[in-house]
Amino acid sequence: MFEAFVLVCMWGQPQSPKNCEELKDTRGPYITKDQCLARVYEIVQEIPLYKPRMQPRGYRCDKFTPKAKKQRT
């Protein structure tokens with residue numbers, strides 16, 4: 001199972017923590033990596049609607065880890 005994430009940054013600004021944010025998909029997790037990538041492309045297409053001053057700069061599909069098994073550091 002995979003979770004989708006997209007990195008978006010302000011148009012015309014350097015890629016830094018103050019200019020960027022990570023969007024985490026709320027629909028997943030997805031069974032296959034291909035399904036996760038399809039969701040990433042959906043998110044990228046919707047960015048202008050919800051965050052018009054942001055542009056996609058990266059994405060990832062991480063293996064899903066249930067919260068009960070995640071360790072905080």
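Reply: The account below begins with the model and its fold, then turns to the pocket and to the residues around it.

This is a predicted model, in which local features need pLDDT of at least 70 and side-chain atom pairs count only at pLDDT 80 or more, while totals for chains, interfaces and linings use all residues. Residues are numbered from 1 along each chain as its sequence is written, and side-chain values use heavy atoms, with hydrogens and water left out.

The protein contains 1 helix and 3 strands, where helices (H or I, at least four residues) and strands (E, at least two) are DSSP runs numbered from the N terminus. Along the sequence, their pattern is β-β-α-β. The C-alpha atoms fill a box of roughly 40 × 30 × 15 Å along the principal axes. Of the 73 residues, 29% count as buried, a term for under 20% relative accessible area, with exposed meaning over 50% and partly exposed in between (1.4 Å probe, protein chains only). Among contacts (heavy atoms within 4.5 Å) with a separation of 6 or more, 67% are made by residues 24 or more positions apart.

The largest pocket has a volume of about 180 Å³. On a 1 Å grid over the protein atoms alone, a pocket is an open set of points where a 1.4 Å probe fits, with protein on both sides within 12 Å along at least five of seven lines; lining residues have an atom within 4 Å of a point. Points are joined across faces, edges and corners, and the volume is the space filled by probe spheres set on them. The lining consists of Leu23, Lys24, Asp25, Thr26, Arg39, Ile43, Glu46, Ile47, Tyr50 and Lys51. Strand 2 (20-24) and helix 1 (33-50) are the elements that give two or more residues to this lining, and helix 1 provides the largest share, 5 residues.

Asp25, one of the lining residues, lies in the loop between strand 2 and helix 1. Asp25 is buried, with a relative accessible area of 10%. Beyond residues up to four places away in sequence, Asp25 touches Ala4, Tyr30, Arg39 and Ile43. Two of these partners, Arg39 and Ile43, also line the pocket. The C-alpha atoms of Asp25 and Ile43 are separated by 8.0 Å, although the two residues are 18 apart along the chain.

The loop between strand 2 and helix 1 also holds Pro29. The peptide bond from Gly28 to Pro29 is cis, with omega near 10 degrees. Most peptide bonds are trans. Pro29 is in turn one of the contacts of Met1, which include Tyr30, Ile31, Asp62, Lys63 and Phe64 as well, leaving aside neighbours within four places in sequence. Met1 lies in the segment before strand 1 (2-10), and its C-alpha atom is separated by 5.4 Å from that of Phe64, 63 residues apart along the chain.

Elsewhere, Gln55 lies in strand 3 (residues 54-63) and is buried, with a relative accessible area of 14%. Setting aside residues up to four places away in sequence, Gln55 touches Leu7, Val8, Cys9, Met10, Trp11 and Gly12.
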